[in-house]
Amino acid sequence: MDAPTQQEASSIGNEIGEITQLNAVQMRCGRNSGGGTTGCGSPAGRGDIPAETWEKVKNHPCYSEQAHHHYARMHVGVAPACNIQCNYCNRKYDCTNESRPGVVSERLTPEQAARKVMAVASTVPQMTVVGIAGPGDPLANPEKTFKTFELIREVAPDLKLCMSTNGLALPDHIDTIKKLNVDHVTITINMVDPEIGAKIYPWIFYKHKRYTGIQAAKILNDRQLQGVEMLAKLGILCKINSVMIPGINDQHLIEVNKAVKWRGAFLHNIVPLISSPEHGTVFGLRGQRGPTPGELKALHDSCEGDMHMMRHCRQCRADAVGLLGEDRRAEFTTEKIMQMDVKYDVESRKIYQSNIEEERSAKTIAERADLTKCADDDSDIKVLVAVATKGSGLINEHFGHAKEFQVYELSTSGVKFVGHRPVDVYCQGGYAEERNLGTIIRSINDCHAVFIAKIGGCPRAELIGAGVEPVDLYAYEPIDKSTSAWFEAYLDRVNSGAIKHIELGDPAICRSTLISAA
Amino acid sequence: MPFKIIASQCTGCSACESECPNVAITEKGGTFVIDPKKCTECIGHFDEPQCVAVCPVDNTCVIDTSFARFQVRA
Ligand code: SF4
Ligand code: SF4
Ligand code: SF4
């Protein structure tokens, strides 16, 4: 489905059973049954997801902000046909040099896809999730999609299956989805008002007819919401993706959030529109801009509380392979997998994964003990900070090598993940790209500090000039602990009058950088 | 007149292939082609030619005027 473009791609979501009941739990503070919950807050990484749902998603790299350090996912492109048209999608666009959300360079048959999955799963034991997203809609290609899932189920019953759809055909296939034990379904829903829908979808193809305008948007939306309800009733996790399009559906997404929540969706992932004229999409050609990071954050914040919001989506390519942010798809081209000797061993995968779990829980306990310090300060100052990391929750990347920064909001209530900021790498093969330094700084200049493992003298001076404090004191240390320690010291400096806290504005992120961000 | 596909515009998405009631559409080297002998313009099946209605690129599935109009046999 919609995968192709941005949205979908990313993460494929899904979930749960007695959703209505769970939502009731979700809304009430302190009723998280999971233990270890600190007051109204939530244990590291769990957000406000109810305990039962958390069990299902904690090892899913796309849902759990923590799991994505430990587990990998892959998408296979088997479903190129689509039954609707979105103004942010150009299905002509698919070339190997292009790395942008939703794009795949290889179209696989179900047999090739299943083989690829086995090849990846036996090489990468962290791989737990296989998704079918775009380009195209998995449910506009039901035979290919379900055949692929069947083949995978036969050999690898332990893998989680998920799919992303625009929802138009979802009600027709719900029984097969249940039968194949698909864990999660993501539906891309950009509106619940057909007038707004008409600005996003020029047409749909439904029951052998092409519909346009408001009528098309109305049919699509009815089918989408019906799909959400059906999934919830069957206990299949349902995640909603929405593309934030400034001036078209930006404010309206708050309503979408409410509409999908009460119908039983468990997670809402609002992703920014990515559009530039080179993509040849209707929005790109019309000069429709995407949201700024500040606008996106404000929208996330205003939906928060209503429902768990996903903030760490990286809008992966539809054929991404590996841990998020580390694309290994080049190792698994069709040619290579055909030559690989594939042995699928469920047992050794299980052992590997239970080791990961042990490490994870030990780490979580240690981190929680560290995080209680700030709590007695009642300052209402909130600051954003950027972190250069290669993963594992550590500050372990050099400023010059960072392809992206993770942004966190620090306040006395804790460290909250806000999002990723992809950037153009500053140092390429030993040479500093001076051109990129300015864009990097502009893309994080809403942050009070940037945490890095190491930084050179020149970028250091420029960052300070731009009001962003480079912090290399915590090289190779855990992000949560280090940023809280820094924040505590920051508050002390403010309280003692050593520095004055100033609010920072919205950064000017360069959208083109998002595109190359795997 | 049967329909034809302008190969240079076809994205190869395959959407038309499964919609054609006459299995007139097949893949050929990454793009799709219509067998003029099999295409009935969807007359008798649907109100609109399915390949045209589902194709994401406008004016890619077009009438091939080099053939006569399809006649429904009485
Ligand atoms: S047109 Fe189809 S393939 Fe493209 S984004 Fe929309 S739903 Fe996905
Ligand atoms: S017009 Fe109808 S019969 Fe002819 S190729 Fe298109 S879909 Fe098939
Ligand atoms: S629907 Fe259009 S673009 Fe897709 S394969 Fe058919 S002719 Fe080509």
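Between chain B and chain A there is 1 salt bridge, defined as a side-chain nitrogen of Lys or Arg within 4 Å of a carboxyl oxygen of Asp or Glu. This is a predicted model, in which local features need pLDDT of at least 70 and side-chain atom pairs count only at pLDDT 80 or more, while totals for chains, interfaces and linings use all residues. Residues are numbered from 1 along each chain as its sequence is written, chains are lettered from A and ligands numbered from 1 in the order in which they are written, and side-chain values use heavy atoms, with hydrogens and water left out.

**Interface of chain B and chain A**

- The salt bridge joins the side chains of B:D58 and A:R210, at 3.7 Å from N to O.
- On the side of chain B that touches chain A, the elements giving two or more residues are α1 (15-19) and α2 (50-54) of chain B (helices, H or I, of at least four residues and strands, E, of at least two are DSSP runs, numbered from the N terminus).
- The most is given by α2(B), with 4 residues.
- The contact (heavy atoms within 4.5 Å) takes 17 residues from chain B and 14 residues from chain A.
- About 1,300 Å² is buried between the two chains, 50% of it from carbon and sulfur atoms (the accessible area, with a 1.4 Å probe, that two parts lose on being put together, summed over both).

**Sheet in chain A**

- An open sheet of 3 strands has the order β2-β6-β7 in chain A, with antiparallel pairing (two strands pair if DSSP finds at least two bridges between them).
- Because β2 (84-85) and β7 (209-212) of chain A stand at the edges, each with a single partner strand, one side of each is left without a neighbour in the sheet.
- Strand β6 (residues 203-206) of chain A is joined to β7(A) by 4 bridges.
- A:F205 has A:R210 in β7(A) as its bridge partner.

**Positive phi values**

- Most residues other than glycine have a negative phi.
- A:N181, not a glycine, has a positive phi of about 60 degrees and is found in the loop between α6 (170-179) and β5 (184-188) of chain A.
- B:C42 has a positive phi near 70 degrees and lies in the loop between β3 (31-34) and α2 of chain B.
- A:N181 is partly exposed, with a relative accessible area of 49%, whereas B:C42 is buried, at 7% (buried means under 20%, exposed over 50%, partly exposed in between; 1.4 Å probe, protein chains only).
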